[in-house]
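Reader: Hi, could you walk me through this one? I'd like to hop between topics as they come up.

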Amino acid sequence: PETVIVLPMMPDAVEGYKIVSLLGEGSHARAWLAERDEDRRPVVLKILKTAPAEDIGAFQSFRQEHAFIAESRHAGVAEIFGHGYAGAYPYLAMEYFPRGSLKDAVQSALVPRQAMAVLAQLAGALEQIHANRIVHRDLKPANVLVRDDGSMAIADFGVAARLEAVGADAKKQEVFGSPHYFAPELIRGEPASRLTDIYSLGVMF
């Protein structure tokens, strides 16, 4: 069998950044807390665990996530600062959210006024995302991150897609997202749409 080269636990030096600690790990990438050399701002470096030639599918998804976030410039969308390579491994430099996610925030309960403010922020962000013909497809509290000032932003565009591409996914019987937030049409095997994200937002609210 072919040998797949996997990124070691601690990446090589990433030019322009100082690695601080590991924040988390997914199936294809690790997220590191880092400090930007130019201003010492804390950022998240999301680094693929395999080189592009070893897993072209993961690399294409990674590039697509960068493109979708970069296009969706809005206060309610996580900011992306740049991208590059840590040795042979692609990385994205993204906004760091020290207060965790909306999933954490709701554990202590939100008063109705706070819930309405969150709904308004996220609806505005979705409007911008959808204007770019992008559907998120995995909107849930864990994918909404909280800034120091309490404002929130949608993150994790790993399964997002162009509206014109989601019909093909439905025909292949591929379903993306988290079951608790699925819109009924996804269960029926129909393609996702702007309304799919709005339904998920309604479930969250």
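Reader: Let's start with Ser 200: which helix does it lie in?

Author: Ser 200 is in helix H6. Helices here are DSSP runs of H or I with at least four residues, strands are runs of E with at least two, and both are numbered from the N terminus. Before we go on, this is a predicted model, where local features need pLDDT of at least 70, side-chain atom pairs count only at pLDDT 80 or more, and totals for chains, interfaces and linings use all residues. Residues are numbered from 1 along each chain as its sequence is written, and side-chain values use heavy atoms, with hydrogens and water left out.

Reader: Thanks! Is Ser 200 buried or exposed?

Author: Ser 200 is buried, at a relative accessible area of 6%. Buried means under 20% relative accessible area, exposed means over 50%, and partly exposed is in between, using a 1.4 Å probe and protein chains only.

Reader: And what does Ser 200 touch?

Author: Leaving aside residues up to four places away in sequence, Ser 200 touches Leu 139 and Tyr 181. Contact means heavy atoms within 4.5 Å.

Reader: Staying with H6, at what angle does it pack with H3?

Author: H3 (residues 112–131) and H6 (residues 194–204) pack at about 170°, and their axes are 11 Å apart. That makes H3 roughly antiparallel to H6, since angles under 35 degrees count as roughly parallel, over 145 as roughly antiparallel, 65 to 115 as roughly perpendicular and the rest as oblique. The axes are lines fitted to C-alpha atoms, for helices over the stretch in contact, with angles from 0 to 180 degrees between N-to-C directions.

Reader: Which residues meet there?

Author: From H3 there are Leu 119, Leu 122, Ala 123, Leu 126 and His 130, and they meet Arg 194, Asp 197, Ile 198, Leu 201 and Met 204 of H6. The contact residues divide into seven nonpolar, one polar and two charged. In that scheme Ala, Val, Leu, Ile, Met, Phe, Trp, Tyr, Cys and Pro are nonpolar, Asp, Glu, Lys and Arg are charged, and the others, Gly among them, are polar.

Reader: Nice. Zooming out, how many helices and strands are there?

Author: The protein has six helices and nine strands. It has 205 residues, and 42% of them count as buried. Of the contacts with a separation of 6 or more, 58% are between residues 24 or more positions apart.

Reader: New topic: how many salt bridges turn up?

Author: The whole structure has nine. A salt bridge is a side-chain nitrogen of Lys or Arg within 4 Å of a carboxyl oxygen of Asp or Glu. One of them joins Glu 25 and Lys 49, with the closest N and O atoms 2.8 Å apart. Glu 25 is in strand E1 (residues 17–25) and Lys 49 is in the loop between E3 and helix H1 (56–71), so this pair links distant parts of the chain, 24 residues apart.

Reader: What about the exposure of Glu 25?

Author: Glu 25 is partly exposed at 45% relative accessible area, whereas Lys 49 is buried at 12%.

Reader: Which residue pairs with Arg 147?

Author: Glu 95 does, with an N to O distance of 2.5 Å. That pair also links distant parts of the chain: Arg 147 is in the loop between strand E7 (144–146) and E8, Glu 95 is in strand E5 (residues 89–95), and they are 52 residues apart. Arg 147 counts as buried at 16% relative accessibility, and Glu 95 is buried at 9%.

Reader: Which residue does Arg 188 form a salt bridge with, then?

Author: Arg 188 bridges to Glu 190, with the closest N and O atoms 3.0 Å apart. Arg 188 counts as exposed at 56% relative accessibility, and Glu 190 counts as partly exposed at 36%.

Reader: Last one: where does Arg 40 lie?

Author: Arg 40 is in the loop between strand E2 (29–36) and strand E3 (42–48). Its phi is near 60°, a positive value in a residue other than glycine. Arg 40 is exposed, with a relative accessible area of 63%.
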